[in-house]
Amino acid sequence: RMFHDDELEESEKFYVGQPRVLLLIYALYNTLVARSEMVCYFVIILNHMISASMITLVLPILIFLWAMLSVPRPSKRFWMTAIVYTEVAIVIKYFFQFGFFPWNKHVDYTKDKPYHPPNIIGIEKKEGYVHYDLVQLLALFFHRSILKCHGLWDEDEKGDSSSNKEDTDDELSLTGGRRDSSASLKSVNLAASVESIHVHFPEQQTAIRRKSSSSISQLSHRSSFSSHRSKRDILININHTTLSLYFLQCRLCVIKSHCGLCCLRTLQVYVPIRQFFYNLIHPDYSAVTDVYVLMFLADTVDFIIIVFGFWAFGKHSAAADITSSLSEDQVPEAFLVMVLIQFGTMVVDRALYLKKTVMGKVIFQVILVFGIHFWMFFILPGVTERKFSQNTVAQLWYFVKCVYFGLSAYQIRCGYPTRVLGNFLTKSYNYVNLFLFQGFRLVPFLTELRAVMDWVWTDTTLSLSSWICVEDIYAHIFILKCWRESEKRYPQPRGQKKKKVVKYGMGGMIIVLLICIVWFPLLFMSLIKSVAGITNKPLDVSITITLGGYQPIFTMSAQQNQLQSLEPNEFNEFLRSYRGNTAALQFLEGYAREDITRADLEGNSNSLWTISPPSRQKMIQGLRDSNADFSLVISWAIQRYKNMKYLISHFFPRTLEEVYPYYIKAPSDSLAKPIKQLLKDCKWENITVSLVKNTSEEWWVLDQLGKRQKTPHESLELFIFSDKVSPPSLGFLAGYGIMGLYASVVLVIGKFVREFFSGISHSIMFEELPNVDRILKLCTDIFLVRETGELELEEDLYAKLIFLYRSPETMIKWTREKT
């Protein structure tokens, strides 16, 4: 060994011999130390999500627009700013907790008001007002101690001081030759004009920077940037010199006017910010990376949160179920606005990624950070009428958006990749990528939208149809490549039959799937009411009897307490009464005890019989005429949930024998039917009708003779059998019926399945390709020359690809196995 130390070996053996739980704790601590800045970011964002005030809003914005954009790491100035700001925030919150402030006298009344000024600022009185701030301060000091242990705390300060010294030596060379800024100000003759000031350009250092920058450009592989490196260095030096002149002019004007002081203060703030973003957009070197996929996934998660929790971004009166809102042809405004904004940001992000413009990404980052924070913490509380800290869905959406901001800042800091080739799912050839890629292509309009966006924001000579043709060929060849690689990994010897695992696994699954599709409507309609059906009891039962078309003689309705379910003993007795009646028992099998309702209607009509004397005399004459038919009309109406009425009318002779139905079935359609299977000898019940007079008033009284529930007074009894209805969540499918499901679902799916099984012979020459490596390489070459700007070569390679698919003989040669 080159180096041997007994203590180090003993220490290593000691740690290896520790329990696994202790080793896990060590590993977690080391991870915490390695990512301590991420811990600080997380605590700051968590504090802002819980507090949601202007005091805690500053640090999250500084994180996304300063800390995460700093190269290679946040400077000491940022961490000191965060520490001092947190300490000041703690003191301010503590100071405003005293009760002598007027807004602290009605805390219970104003604590839930989102636009109450102390709540917006963050100085309201509450329990635990400073807990998360103390945790935030503890995390910041923990990160500070780690930087001090590794010697990184004062590293930036030393580098800044040395660079500032060099810049001062180069830029502020006055006639006196003094370097210090304060000393140089003293040495300047205030009566001298601005034109007499000489500025020496650092020519030698410019040459050195140009040389170093050109060598760095060879390592960074940024072709669009390296060709202009030397010109940029000269412009940087000129800009430094110009800014130095501006500073000097302002310092000279301080004594003469106050405008010079304001200009100096403005430049002291503007110049560092401008230089920070300028260095970010034009870095000396760049470790390019590609995190667009992760940003897209974060946006997708936010999109899903909006779809399933859109009610949290609107008024409290908004429907909590998107399916019910869409089924009523109502699109909530909050849902529409949020979906369009989220989808628009995803499209803009894709455009910036394809154009590889860091400046546009920086501008987009600044707009998004300020816009989303302003909307989430100032507009949304007013829309939802509740504080952000009480909106769990909005907090989850904001946290995922913060992850997107972090990834976006990392993309800006590292720079966009030089080449964007193919889909991110086509980087390897295995089953996972294969099925994910096919699932990606099955999403409606996603493949088409991606292809058109790529064509719009990518420099190419191909037309849109040619572009789509190349994309389709590449997708098809990638799928074939995945299948060929799987055949190599799991080879099938010649002359050997397929294993039962493969046959029963794949074939059995397809058989079960096809059977389920064929019998899906019958199974669905039978199980939807028997298993998941909901009992729909009647709310109102009404009976109306009319003689010969004259004024109704009897009207009565039963509601609430008059509508009773059968008791278990009554239901059992009801079933025993039909023992031996096969038709009745077969009918009763489809109903449970809770589906049967007994309606007790009073025998006295609830309305007076008002009829004119001529009509009364004419009706009496018609009843006395034994040779003429006189009709009796009995109407019943059953009102159930959703105001569904079931009405039927029957005409009978003038006799009142066998006129009362007694058992009525209330199905899920619009027609209530009498149940003949439950009647004795299929005959309806008899009722008695009598007219009661009281001075000038008169009304009719009806009584049923064969009632099950014996009552001492006149009354009518009616049994209603209610069919179960489908749940509201599945009503959109159950509403089609069996034939509708067959026509709309089974036949459509069957059409696609038939195309899969019957169209194979027409695509043999494109499907059965033994080796697709050459075609895949040709597609990749088209992508490559497009990225490098060789557009003429792109046209030639595309023509070669089209000729290959037009010539079967050439295709056979290109797809042979390599020898």
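This is a predicted model: local features need pLDDT of at least 70, side-chain atom pairs count only at pLDDT 80 or more; totals for chains, interfaces and linings use all residues.

1. Residues are numbered from 1 along each chain as its sequence is written, and side-chain values use heavy atoms, with hydrogens and water left out.

2. Helix α3 (residues 36-51) packs against helix α4 (residues 54-67) at an angle of about 145°, the axes being 8 Å apart. Helices here are DSSP runs (H or I, at least four residues), numbered from the N terminus; axes are lines fitted to C-alpha atoms over the stretch in contact, with angles from 0 to 180 degrees between N-to-C directions.

3. On the α3 side the contact (heavy atoms within 4.5 Å) is made by Y41, I44, I45, N47, H48 and S51, and on the α4 side by T56, L57, L59, P60, I63, F64 and A67. The classes are 9 nonpolar, 4 polar and no charged residues, where Ala, Val, Leu, Ile, Met, Phe, Trp, Tyr, Cys and Pro count as nonpolar, Asp, Glu, Lys and Arg as charged, and the others, Gly among them, as polar.

4. How many residues line the largest cavity? The lining has 17 residues, of which A52, P114, N119, I120 and F377 lie nearest the cavity centre. A cavity is a set of points on a 1 Å grid over the protein atoms alone where a 1.4 Å probe fits but cannot get out, and lining residues have an atom within 4 Å of a point.

5. By class, this lining has 10 nonpolar, 5 polar and 2 charged residues. α18 (358-384) is among the helices that each supply at least two lining residues, and α18 gives the most, with 3 residues.

Terms used
On a 1 Å grid over the protein atoms alone, a cavity is a set of points where a 1.4 Å probe fits but cannot get out, and a pocket is an open set with protein on both sides within 12 Å along at least five of seven lines; lining residues have an atom within 4 Å of a point.
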